[in-house]
Amino acid sequence: MATDDLGTCDRTVLASKGGPLHVRTPLIVSKPMSALLGRDVYLKLDAMQPSGSFKLRGIGYTCQKAIAEGANALVSSSGGNAGLATAYAGQRLRAPTTVVVPETTPEFIRERLRSLGAQVIVHGSQWSEAHAHAVALNDDVGGKLVHPYEDVDTWTGHATLVHEMCAQLRDAGETVPPSFICTCVGGGGLLLGIAQGLREVGWAKTDVVVSETVGCDSLYQSVQKNELVTLPAITSVAKSLGAAQVSPSAFDLTKQWKREGKSPRIH
């Protein structure tokens with residue numbers, strides 16, 4: 001992986017742990033979408049990460065840094081992708097890993113977690129209850145509590161997505177930054193990582209278009225009411241995308257750029 005793909009990740013930490021746990025994923029032109037919009041549209045295929053999603057970028061870096069700084073175990077709360085990323089990282093780093101999942105997590109996900117060597121504990125009817133149990137467990141073992149999205153190291157790891165795209169677009173002969181990046185929002189960790197990456201590579205005029213499904217639209221509801229909103233329940237079928245309350249940092253980000261006097265860049 002090229003060094004300019006890593007952004008502000010601590011290279012000493014990564015070197016001491018054998019390099020980043022995530023891989024460089026393809027960036028391809030979508031011919032159908034390009035034809036539809038009349039401009040080049042690129043797709044970043046981060047579902048090809050070893051754990052199955054972009055989560056490995058941020059959570060992998062968070063786990064590597066924690067182990068390098070002396071953590072003796074990893075404890076995660078997740079309904080899906082974040083737990084898989086933590087379990088994969090734990091396996092690679094040879095660290096005891098526990099993932100607490102809510103009752104709504106499908107059995108096949110629990111089995112995938114176990115296949116990666118993680119201890120799986122089922123607790124509560126929703127993620128917030130599983131997370132509270134994970135916090136208590138982590139206090140007992142003195143490990144690293146790996147939050148699905150609320151961690152500055154996780155955002156730094158996710159920012160590598162933008163650094164990677166910047167290098168790939170340059171290699172493809174693109175001479176101007178993309179007009180916008182389109183992504184989804186659950187808790188907001190990916191959004192915060194993308195925003196950090198945009199600042200770091202100097203793509204000041206690139207907008208971010210974020211989408212949520214009806215039933216887990218905590219960021220949209222918060223923006224509409226201009227205050228953090230906690231949804232009474234996650235009713236979307238996209239359970240792994242659901243966060244009853246978006247990260248306060250992600251919500252603040254939607255207002256921050258406006259306060260700075262720039263054109264609204266998050267849509």
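Helix packing and sheet pairing in a predicted model

Q: Why are α8 and α9 called oblique to each other?
A: In this predicted model, helix α8 (residues 160-171) and helix α9 (residues 189-201) pack at an angle of about 45 degrees. Angles under 35 degrees count as roughly parallel and 65 to 115 as roughly perpendicular, so α8 and α9 are oblique to each other. Their axes are 7 Å apart.

Q: Which residues make the contact of α8 and α9?
A: From α8 come Leu161, Val162, His163 and Cys166; from α9 come Leu190, Ile194, Gly197, Leu198, Glu200 and Val201. These residues divide into 7 nonpolar, 2 polar and 1 charged.

Q: What makes β5 and β6 the edges of the sheet?
A: The 4 strands of this open sheet follow the order β5-β4-β3-β6, with parallel pairing. β5 (119-122) and β6 (144-146) each have a single partner strand, so one side of each is left without a neighbour in the sheet. From one strand to the next, the twist averages 20 degrees.

Q: How do you know that β3 and β6 pair?
A: Strands pair if there are at least two bridges between them. Strand β3 (residues 74-77) and β6 have 3 bridges, so they pair, in the parallel sense. Ser76 has Val146 in β6 as its bridge partner.

Q: Which strands does helix α4 touch?
A: Helix α4 (residues 81-93) packs on the sheet and touches β3, β4 (97-101) and β6. The direction of α4 makes about 165 degrees with that of β3. Helix α3 (residues 55-68) lies across β3 and β6, and runs at about 175 degrees to β6.

Methods
Residues numbered from 1 in each chain as written. Predicted model: local features only at pLDDT ≥ 70, side-chain atom pairs only at ≥ 80, totals over all residues. Heavy atoms only, no water. Axes fitted to C-alpha atoms, helices over the stretch in contact; angles between N-to-C directions. Helix = DSSP H or I, 4+ residues; strand = E, 2+ residues; numbered from the N terminus. Parallel < 35°, antiparallel > 145°, perpendicular 65-115°, else oblique. Contact = heavy atoms within 4.5 Å. Nonpolar A, V, L, I, M, F, W, Y, C, P; charged D, E, K, R; others polar.
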